[in-house]
Amino acid sequence: MTTVPANRADLNVLIVDDESLFQRLIKSTLGFMSVHKITIAADGKEGLQAVQANEQAGNPFNGLIVDWDMPVMDGIQFVEAFRKTDKAAVVIMVTARTSAADFNEAKRKGADYFFMKPLDPAMLKLRLGAAIDAALKNR
């Protein structure tokens with residue numbers, strides 16, 4: 001069972017994205033916000049493997065940042081599979097998709113937040129900070 005820690009430094013975050021530039025941007029932004037326990041997966045299948053490994057090690061993820069469009073297993077499939085076993089972790093879906101239908105589908109599958117690409121680094125920092133702080137406050 002995932003629990004939300006008392007502060008940012010104790011968050012354990014999984015980034016699931018096939019674009020290395022985006023992976024580095026998110027990791028750097030999280031690091032600037034004192035989040036340093038970060039794992040990266042290149043697609044949903046790798047993401048589920050990382051989730052399982054961390055669960056077995058007793059170190060579950062309490063935050064996930066997931067791209068929608070990826071090869072092998074896309075972000076929606078990943079979130080749907082992840083939510084079958086973990087309802088508590090905060091899931092942020094990131095995508096270039098902009099329709100209300102896509103937003104609603106992401107919410108139905110279990111995403112807590114929906115960020116649209118392209119991401120401005122300053123705005124990303126503000127939105128990630130707000131999402132993290134909301135999760136910490138509501139723990």
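Colleague: In which helix of the protein is confidence lowest?

Modeller: This is a predicted model, where local features need pLDDT of at least 70 and side-chain atom pairs count only at pLDDT 80 or more, while totals for chains, interfaces and linings use all residues. Residues are numbered from 1 along each chain as its sequence is written, and side-chain values use heavy atoms, without hydrogens or water. On pLDDT, the predictor's confidence in each residue from 0 to 100, helix 3 (residues 75-83) is highest at 97. The lowest mean, 77, belongs to helix 5 (residues 121-137).

Colleague: Thanks! Asp43 is buried, so which side chain of opposite charge is nearest, and how far away is it?

Modeller: Asp43 sits in the loop between strand 2 (37-41) and helix 2 (44-56), and buried means under 20% relative accessible area with a 1.4 Å probe, protein chains only. Asp43 has no salt bridge, a term for a side-chain nitrogen of Lys or Arg within 4 Å of a carboxyl oxygen of Asp or Glu. Its side chain does reach the backbone nitrogen of Glu46 at 2.9 Å. The nearest opposite charge is on Lys45, at 7.3 Å.

Colleague: Happy to hear it. Is Val72 buried or exposed?

Modeller: Val72 lies in the loop between strand 3 (63-67) and helix 3, and has a positive phi of about 70° although it is not a glycine. Most residues other than glycine have a negative phi. Exposed means over 50% relative accessible area, and Val72, at 63%, is exposed.

Conventions: Helices (H or I, at least four residues) and strands (E, at least two) are DSSP runs, numbered from the N terminus. Lys and Arg count as positive and Asp and Glu as negative; His and the chain ends are not counted. A polar contact is a pair of N or O atoms within 3.5 Å; within protein, one must be able to donate a hydrogen and the other to accept it, and residues adjacent in sequence count only if both atoms are side-chain atoms.
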